[in-house]
Amino acid sequence: MKQQPFERSKHLYTNEAFTELVKDAVRFFNGTPVHTLPPPESFLGTGVYALYYIGQNSLYKRYAELNRLSYNYPIYVGKAVPKGWRQARSLNQSRELIGRLREHSRSISLGAGLGLDDFMCRFVIFDEDGSDMIGTIEAALIKLNKPLWNTVVDGFGNHDPGSGRYEQAKSDWDVVHSGRAWANKCKGVHIEKNAVIANIQFHLQSLGQPL
């Protein structure tokens, strides 16, 4: 069969309905109830979540100021999908979302200069076919909000790499908020704390400013 000449327009998929669906999901997310971290009760489900800083650490005072009256500026956005989700295994009985929030709670409890009382969270549960939206909505929320711990300070959501894999560098988050035992085992050359703090301060200068 003769190869056809390349035309970009024949490969470009656009759908206004899809764009509106994403916007609607983001609006729904922003209107969900806000809870302490971790939420007080366990629940089933997978989905997307955000963490909001409201504490007294001077490094993040801009977040605390902006979130004083309403929670519109997340410091971190993440998703929770169970193992096997790409193989279409059942998602409805998973506790992955609450589990992920509890995991973050442990990291924050260990992190220097942080406490659980410094954070609130909100989340959306996606069941059945809606679970296909998880990655898309997470990406949309990150693009919209540019959360600090997603875009400038890497490593908050990292896991213990395991024995034999500690040659990697400690993450930016662990440099600033030391305390996770497994992170202290990382032997790679990491960025200096002062450099990470300078990046944070530069990012926060524009937070909440009109585009």
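**Cores, sheet and exceptions**

Author: The largest nonpolar core has 32 residues, and Leu51, Tyr60, Ile75, Phe119 and Trp149 have the most contacts inside it. Keep in mind that this is a predicted model.

Reader: What makes a set of residues a nonpolar core?

Author: The residues must be buried, nonpolar in type and joined through side-chain atoms within 4.5 Å. Here β2, α2 (61-66), β3, α3, β4, α5, α6 (172-176) and α8 (193-205) each supply at least two residues. The largest share, four residues, comes from α3.

Reader: Which residues does Leu51 contact beyond its neighbours within four places in sequence?

Author: Leu51 is in contact with Leu37, Pro74, Ile75, Tyr76, Leu101, His104, Ile108, Phe119, Met120, Cys121 and Phe156.

Reader: Which residues belong to the second core?

Author: That core is separate and has 16 residues, including Ala25, Phe29, Val81 and Leu141.

Reader: Why is α1 called roughly perpendicular to α4?

Author: Helix α1 (residues 16-30) packs on helix α4 (residues 134-145) at about 75°, with the axes 10 Å apart. Angles of 65 to 115 degrees count as roughly perpendicular, so α1 is roughly perpendicular to α4. On the α1 side, Phe18, Val22, Ala25, Val26 and Phe29 make the contact. On the α4 side, Thr136, Ile137, Ala140, Leu141 and Leu144 do.

Reader: How many of these contact residues are nonpolar, polar or charged?

Author: Nine are nonpolar, one is polar and none is charged.

Reader: What makes β1 and β3 edge strands?

Author: The sheet is open, with four strands in the order β1-β4-β2-β3 and antiparallel pairing. β1 (35-36) and β3 (76-80) each pair on one side only. That puts both at the edges.

Reader: How do you know that β1 pairs with β4?

Author: Pairing takes at least two bridges. Two bridges join β1 to strand β4 (residues 119-126), and the strands run antiparallel. Thr36 stands opposite Met120 in β4.

Reader: Which helices lie across the sheet strands?

Author: Helix α3 (residues 96-110) lies across β2 (46-53), β3 and β4, at about 30° to β2. α4 also lies across β2, β3 and β4, and runs at about 175° to β3.

Reader: Why is Arg100 called buried?

Author: Its relative accessibility is 12%. Buried means under 20%, so Arg100 counts as buried. Arg100 is found in helix α3. Arg100 touches Tyr49, Lys79, Ala80, Gly157 and His159, leaving out residues up to four places away in sequence.

Reader: What makes the phi of Glu128 worth a remark?

Author: Most residues other than glycine have a negative phi. Glu128 is not a glycine, yet its phi is positive, about 50°. Glu128 sits in the loop between β4 and α4.

Reader: Why is Glu128 called exposed, but Lys146 partly exposed?

Author: Exposed means over 50% relative accessible area. Glu128 has 53%, so Glu128 is exposed. Lys146 has 48%, which means that Lys146 counts as partly exposed. Lys146 lies in the loop between α4 and α5 (148-151). Phi of Lys146 is positive too, near 45°, in a residue other than glycine.

Reader: How do you know that the bond from Leu37 to Pro38 is cis?

Author: Omega of that peptide bond is near -5°, and the bond is cis. Most peptide bonds are trans. Pro38 lies in the loop between β1 and β2.

Technical notes
Residues are numbered from 1 along each chain as its sequence is written. This is a predicted model: local features need pLDDT of at least 70, side-chain atom pairs count only at pLDDT 80 or more; totals for chains, interfaces and linings use all residues. Side-chain values use heavy atoms; hydrogens and water are left out. Axes are lines fitted to C-alpha atoms, for helices over the stretch in contact, and angles run from 0 to 180 degrees between N-to-C directions. Angles under 35 degrees count as roughly parallel, over 145 as roughly antiparallel, 65 to 115 as roughly perpendicular and the rest as oblique. Contact means heavy atoms within 4.5 Å. Ala, Val, Leu, Ile, Met, Phe, Trp, Tyr, Cys and Pro count as nonpolar, Asp, Glu, Lys and Arg as charged, and the others, Gly among them, as polar. Buried means under 20% relative accessible area, exposed over 50%, partly exposed in between (1.4 Å probe, protein chains only).
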